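Work through the exercises below with the sequence and the structure at hand. Each task is followed by a solution in steps.

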Amino acid sequence: MNQKFTIRKLARCAVVAAIYVVLCMALQPFSFNAVQVRVAEALCLLPVFGAEYIAGVVLGCFLANLLGSTIVDVIFGTLATLLACLVTYKLRNIRFKGLAIVPSLPPVLFNAVIIGIEIAVLFPDPSSSAPLWLACVFNGVSVGIGELISCTVLGVLLVKIIETNAALRKVFVSE
């Protein structure tokens with residue numbers, strides 16, 4: 001019986017990774033630019049339903065970045081997603097007015113900081129004379145806004161839909 005749950009969790013992980021990659025590739029103009037709303041990042045809230053989703057989302061991010069971005073983003077983007085999913089999992093039971101708003105914030109914060117710095121340092125705007133710290137802040141805010149849309153709007157909506165639908169809850173919630 002325990003092996004069945006392990007296989008089921010592995011299958012969930014693989015499906016989530018595949019969905020993440022497909023969403024990034026299908027929505028490539030929105031997924032890989034300095035100003036981005038990576039719709040697949042809504043999946044960063046799935047660890048609310050079980051730890052196995054951490055592996056699925058991180059694997060999906062890694063593969064999507066490998067296919068559509070730079071090696072630097074493969075490393076730092078995947079790191080940001082890993083940290084975000086771990087903290088989201090830790091915050092999984094905290095709700096604000098019944099919504100998973102608090103668990104949606106780690107992806108916003110980790111990506112704003114890590115990817116904001118990555119863009120400023122590795123892909124500087126040659127037409128800008130702004131100091132590096134200001135470029136980090138500007139890029140962080142830009143990335144953070146996209147993450148707010150992906151995670152705090154779409155991701156929270158995804159969690160609410162799963163939590164309120166018995167059939168989806170049966171599929172997504174860990175045993």
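A residue is called buried when its relative accessible area is under 20%, exposed when that area is over 50%, and partly exposed in between. The model used here is a predicted one.

**Exercise 1. Lys 97**

Task: Find where Lys 97 lies, and decide whether Lys 97 is buried or exposed.

Solution. Step 1: Lys 97 sits in the loop between helix 4 and helix 5 (101–122). Step 2: its relative accessibility is 75%, so Lys 97 counts as exposed. Step 3: for the backbone, phi of Lys 97 is near 55 degrees, a positive value in a residue other than glycine.

**Exercise 2. The chain as a whole**

Task: State how many helices and strands the chain has, and say how its radius of gyration stands to the globule rule.

Solution. Step 1: the chain has 7 helices and 0 strands. Step 2: read from the N terminus, the order of elements is therefore α-α-α-α-α-α-α. Step 3: the radius of gyration is 16 Å, close to the 16 Å that the globule rule gives for 175 residues, so the chain is as compact as a globular protein of that length. Step 4: the C-alpha trace spans about 60 × 35 × 25 Å along its principal axes.

Task: Give the share of residues that count as buried and the share of surface that belongs to carbon and sulfur atoms.

Solution. Step 1: 40% of the 175 residues count as buried. Step 2: the accessible surface of the chain comes to about 9100 Å², and carbon and sulfur atoms hold 76% of that area. Step 3: for contacts between residues at least 6 apart in sequence, 71% join residues at least 24 apart.

**Exercise 3. The nonpolar cores**

Task: Name the residues with the most contacts inside the largest nonpolar core, and find which helix gives the most to this core.

Solution. Step 1: the largest nonpolar core has 25 residues, and those with the most contacts inside it are Tyr 20, Leu 46, Phe 49 and Val 57. Step 2: helix 1 (2–26), helix 3 and helix 6 (132–164) are the elements that give two or more residues to this core. Step 3: helix 3 gives the most, with 6 residues. Step 4: another core, of 5 residues, lies apart from the largest one, and among its members are Ala 80, Ile 114, Ile 119 and Val 143.

**Exercise 4. The salt bridges**

Task: State how many salt bridges there are, and find which parts Arg 12 and Glu 52 tie together.

Solution. Step 1: side chains of opposite charge can pair when their charged atoms come close. Step 2: a salt bridge needs a side-chain nitrogen of Lys or Arg within 4 Å of a carboxyl oxygen of Asp or Glu, and the count comes to 2. Step 3: Arg 12 pairs with Glu 52, their closest N and O atoms being 2.7 Å apart. Step 4: Arg 12 lies in helix 1 and Glu 52 in helix 3, so this pair ties together parts that are 40 residues apart in sequence. Step 5: both Arg 12 and Glu 52 are buried.

Task: Treat the pair of Glu 163 and Arg 95 likewise.

Solution. Step 1: the closest N and O atoms of Glu 163 and Arg 95 are 2.4 Å apart in this salt bridge. Step 2: Glu 163 lies in helix 6 and Arg 95 in the loop between helix 4 and helix 5, so the pair ties together parts that are 68 residues apart in sequence. Step 3: Glu 163 counts as partly exposed at 23% relative accessibility, and Arg 95 counts as partly exposed at 28%.

Note on methods:
Residues are numbered from 1 along each chain as its sequence is written. This is a predicted model: local features need pLDDT of at least 70, side-chain atom pairs count only at pLDDT 80 or more; totals for chains, interfaces and linings use all residues. Side-chain values use heavy atoms; hydrogens and water are left out. A nonpolar core is a set of buried Ala, Val, Leu, Ile, Met, Phe, Trp, Tyr and Cys residues joined through side-chain atoms within 4.5 Å. Buried means under 20% relative accessible area, exposed over 50%, partly exposed in between (1.4 Å probe, protein chains only). Helices (H or I, at least four residues) and strands (E, at least two) are DSSP runs, numbered from the N terminus. The radius of gyration is taken over C-alpha atoms; the globule rule is 2.2 Å times the number of residues to the power 0.38. Contact means heavy atoms within 4.5 Å. Accessible areas come from the Shrake-Rupley method with a 1.4 Å probe; for residues, only the protein chains shown count as cover.
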